[in-house]
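Please look over the structure shown here and work through the questions that follow.

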Amino acid sequence: MNGRQLRTRFKGVGVLAAGLLALTACGGGGDTAADKGAENGKGDKAAATTRSVKHDAGTTEKVPAQPKRIVSVSVTMTGHLLALDAPVIASQATPPSVITDKQGFFTQWSDAAAKNSVKVAYQGFEPDVEKVLALKPDLIIGASSGAENAEKFYDKLSVVAPTLLYRHDDVSWQDLTTRLGKDLGLEKRAGEVVAAHEKRVGEVKAAITVPKQSAALVRDNQSAMTVFTPESAQGRLLTSLGFTVLEPPEDKGQTQGGRSDFAEFSQEKVADTAKDSSLLFVSHTPEEITAATARPVWKDLAAVKDKRVYDLGLDTFRLDYYSAGNLIDKIEKAFG
């Protein structure tokens with residue numbers, strides 16, 4: 001592909017960016033993978049250096065069989081990639097908050113990011129394509145759900161490097177980790193990560209006493225309440241530990257982008273549905289939980305009166321290997 005063709009495809013990015021892209025394209029792709037394989041004594045002309053990968057935004061050709069420079073355009077996906085020991089060189093970051101470090105990386109994996117020298121690619125929810133380009137990735141990983149959904153930027157990102165986008169809202173983190181392992185040639189590591197988690201689940205399940213009441217997984221939004229479904233990552237983890245996760249109210253509530261893992265309802269509707277259920281709060285400070293349960297609509301619930309209100313931790317809104325482990329620790333402490 002010549003420079004003019006690249007500039008035509010790369011709409012909305014400046015002439016300078018297109019020129020850089022031409023240089024990147026000339027030095028990247030399958031040839032680079034083959035060259036590196038030869039340098040490492042693993043060169044085999046018969047062996048595939050790229051693969052075709054079906055993901056949630058389509059099918060991408062020429063995905064490196066062994067990527068070396070992955071840029072994550074989803075702060076949610078970064079945790080999954082780090083758990084796999086994938087070669088992440090940079091990641092999208094969110095505005096700093098109580099659930100992130102000062103860079104905008106989630107606290108549950110910020111230490112792992114620092115250990116692996118992961119840089120901030122850009123801050124914000126829309127991909128900064130020029131900054132991604134400057135990082136010279138051989139593979140881009142992103143999300144096709146959530147606030148950092150990159151589907152509308154897929155074509156532009158795909159010109160920079162092969163791009164894979166995944167939904168993370170309707171699957172368990174284990175299933176997503178397994179899928180990533182397969183697509184990135186990291187199947188063995190994915191198996192190890194999931195096995196370590198399942199072992200921990202078994203140990204804690206045997207050591208805790210689960211309440212006979214169902215568990216309502218909720219997040220207070222002041223005027224409304226988010227309810228996590230049994231199919232959510234949080235719901236599946238609690239179910240694996242022996243809990244019965246409360247089904248949300250029968251009406252559909254307010255969902256985001258067709259999500260199946262949670263929906264919003266009025267405070268009154270959730271309180272009426274929860275009734276005798278234990279209340280497990282997702283991603284709250286202790287002060288916020290105290291304020292929520294002091295409201296008139298909540299304070300007379302059996303769970304509040306019987307002190308069956310539990311804090312699952314600030315990092316449990318997005319589950320990956322790291323935050324799932326932290327949640328299990330919270331459950332063991334509360335119910336052990």
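Q: Which residues lie nearest the centre of the second largest pocket?
A: This is a predicted model in which local features need pLDDT of at least 70 and side-chain atom pairs count only at pLDDT 80 or more, while totals for chains, interfaces and linings use all residues. Residues are numbered from 1 along each chain as its sequence is written, and side-chain values use heavy atoms, with hydrogens and water left out. A pocket is an open set of points on a 1 Å grid over the protein atoms alone, with protein on both sides within 12 Å along at least five of seven lines, and lining residues have an atom within 4 Å of a point. The lining here has 31 residues, and nearest the centre are Phe125, Ala147, Glu148, Phe317 and Arg318.

Q: How do the residues lining the second largest pocket divide by type?
A: Ala, Val, Leu, Ile, Met, Phe, Trp, Tyr, Cys and Pro count as nonpolar, Asp, Glu, Lys and Arg as charged, and the others, Gly among them, as polar. Two or more lining residues come from each of α4, α5 and β10 (262-266), where helices (H or I, at least four residues) and strands (E, at least two) are DSSP runs numbered from the N terminus. The division is 9 nonpolar, 14 polar and 8 charged.

Q: What is the volume of the largest cavity?
A: A cavity is a set of grid points where a 1.4 Å probe fits but cannot get out, and the count comes to 1 cavity of 30 Å³ or more. A volume is the space filled by probe spheres set on the points, which are joined across faces, edges and corners. For the largest cavity this gives about 140 Å³.

Q: Which elements give two or more residues to the lining of the largest cavity?
A: The lining has 16 residues, with His168, Ala233, Phe317, Arg318 and Leu319 nearest the centre. By type they divide into 7 nonpolar, 5 polar and 4 charged. The elements with two or more lining residues are α4, α8 and α10 (233-240).

Q: Is Ser72 buried or exposed?
A: Ser72 sits in strand β3 (residues 70-72). Its contacts (heavy atoms within 4.5 Å), leaving aside neighbours within four places in sequence, are Met77, Thr78, Leu81, Ala90, Ser91, Gln92 and Ile141. Buried means under 20% relative accessible area, exposed over 50% and partly exposed in between (1.4 Å probe, protein chains only). Because its relative accessible area is 0%, Ser72 is buried.

Q: How far apart are the end C-alpha atoms of α8?
A: The expected span of a helix is 1.5 Å times one less than its number of residues. The 12 residues of α8 should therefore span 16 Å, and this agrees with the distance between its end C-alpha atoms, 16 Å.
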